[in-house]
Amino acid sequence: MRKLFLTSLALSALLASMAAHAADMPVKAKASPPPAPLPPPFSWTGFYIGGNLGGAWAHGGVTDSAFGLNFSNGNNNGVFIGGGQLGFNYQFSNLVVGVEGDFDWAANNNKTGTGVLVPALGSTFRVTSNDRWVSTAAARFGVAVDRVLFYGKAGGGWVGNSNFTVTNLTTGTSIIGSNNNTNSGWLVGAGAEWAFANNWSAKIEYDYLGLSGRTFTVPVGSPFLVGDTFTTGRPNVQMAKVGINYRFNWGAGR
């Protein structure tokens, strides 16, 4: 009996020692879950379509061959323009290249200046014209800083002109020199665009459109200035616009 008691006591001590030792052993930490994958880097690659509005200022002198007078007064005022654009960007690294075309209607800018007195004829004449629309096609190239794009553009443009008119303000008679003509030239511009949402961006842009000159010779049978040639020398149109774009296939691989 005594031997059984001593054996039980020794076994109890051994179990207590093993339990204490187990309590002192470090507990293995649970494995942490893998980190969530990072979102893909933002990309400007893809097609887009949008709208714009702003102002345009037409500059250019109008002179005649018979008297050497400048009839350009009133031709440099600004007008409202509005329209749309369509384009495509491709981004590699932080560089962005692309193409863009736009079309804008122009508010009626048929100027009504006071006219120019022709002393030899004793009459005052006024030359007016109306730019009805402006369209451009250009390459774009820029640098992206995440969701902000700074870019330049270069290409060509066209201006729809109508009603190049010479009016004798003394008698009230007029000569319409040309109607529904298109004048073309070269384009340079610069701007900045901000992607404020995944599929939307807003931009601000300035463009300079240098145009070719035009001439008009008063035909035989006109009531005045027969044979006089009117010339527009190096006209240009400057435009400042803001716009918004909707971008398709946003975030395509760079």
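**Contacts and overall make-up**

I began with the contacts in this predicted model, and found that, among those with a separation of 6 or more, residues 24 or more positions apart account for 69%. I then counted the elements of the chain, which has 1 helix and 11 strands, and I noted their order from the N terminus as α-β-β-β-β-β-β-β-β-β-β-β. For burial I looked at the chain of 254 residues as a whole, of which buried residues make up 39%, while the accessible surface comes to about 14100 Å², with 66% of that belonging to carbon and sulfur atoms.

**Strand β1 and its partners**

I followed strand β1 (residues 46-64) to strand β2 (residues 78-92), with which it pairs in the antiparallel sense over 12 bridges, and as one example I noted that Gly-55 has Phe-80 in β2 as its bridge partner. I then looked from β1 to β11, which also run antiparallel and are joined by 16 bridges; here I found Val-62 standing opposite Thr-232 in β11.

**Nonpolar cores**

I looked up the largest nonpolar core, which has 14 residues, and listed those with the most contacts inside it as Phe-71, Phe-125, Val-127, Val-166, Phe-216, Leu-225 and Phe-230. The elements giving two or more residues to this core are β4 (116-118), β5 (123-145) and β6 (148-168). Apart from it I found another core, of 13 residues, with Val-134, Leu-209, Val-237 and Met-239 among them. Returning to Phe-216, and leaving out residues up to four places away in sequence, I recorded that it touches Phe-164, Val-166, Ile-175, Gly-177, Asp-228, Thr-229 and Phe-230.

**Salt bridges**

I counted 10 salt bridges, and I turned to Glu-205, which forms one with Lys-153, the closest N and O atoms being 3.0 Å apart. This pair links distant parts of the chain, with Glu-205 in strand β9 (residues 200-211) and Lys-153 in strand β6, 52 residues apart, and I noted that both Glu-205 and Lys-153 are buried. The side chain of Glu-205 also meets that of Lys-203 in a salt bridge (3.4 Å, N to O). I count Lys-203 as buried because its relative accessibility is 8%, below the cut-off of 20%. I then traced a network of salt bridges that links Glu-100, Arg-140, Lys-153, Glu-193, Lys-203, Glu-205 and Arg-247.

I looked separately at Lys-241 and Asp-207, whose salt bridge has its closest N and O atoms 4.0 Å apart. Lys-241 lies in strand β11 and Asp-207 in strand β9, so this pair ties together parts that are 34 residues apart in sequence. Both ends count as buried, Lys-241 at 6% relative accessibility and Asp-207 at 0%.

**Two single residues**

I looked up Asn-245 in strand β11 (residues 229-247) and found it buried, with a relative accessible area of 0%. Its side chain makes a polar contact with the side chain of Gln-85 (2.7 Å), and, leaving aside neighbours within four places in sequence, I noted contacts of Asn-245 with residues including Tyr-48, Glu-193, Trp-200 and Lys-203.

Not counting residues up to four places away in sequence, Gly-191 touches Leu-149, Phe-150, Tyr-151, Ile-204 and Glu-205. Between Gly-191 and Lys-153 I noted 38 residues in sequence and 8.5 Å in space, C-alpha to C-alpha.

Methods:
Residues are numbered from 1 along each chain as its sequence is written. This is a predicted model: local features need pLDDT of at least 70, side-chain atom pairs count only at pLDDT 80 or more; totals for chains, interfaces and linings use all residues. Side-chain values use heavy atoms; hydrogens and water are left out. Helices (H or I, at least four residues) and strands (E, at least two) are DSSP runs, numbered from the N terminus. Buried means under 20% relative accessible area, exposed over 50%, partly exposed in between (1.4 Å probe, protein chains only). A polar contact is a pair of N or O atoms within 3.5 Å; within protein, one must be able to donate a hydrogen and the other to accept it, and residues adjacent in sequence count only if both atoms are side-chain atoms. Contact means heavy atoms within 4.5 Å. Accessible areas come from the Shrake-Rupley method with a 1.4 Å probe; for residues, only the protein chains shown count as cover. Two strands pair if DSSP finds at least two bridges between them. A nonpolar core is a set of buried Ala, Val, Leu, Ile, Met, Phe, Trp, Tyr and Cys residues joined through side-chain atoms within 4.5 Å.
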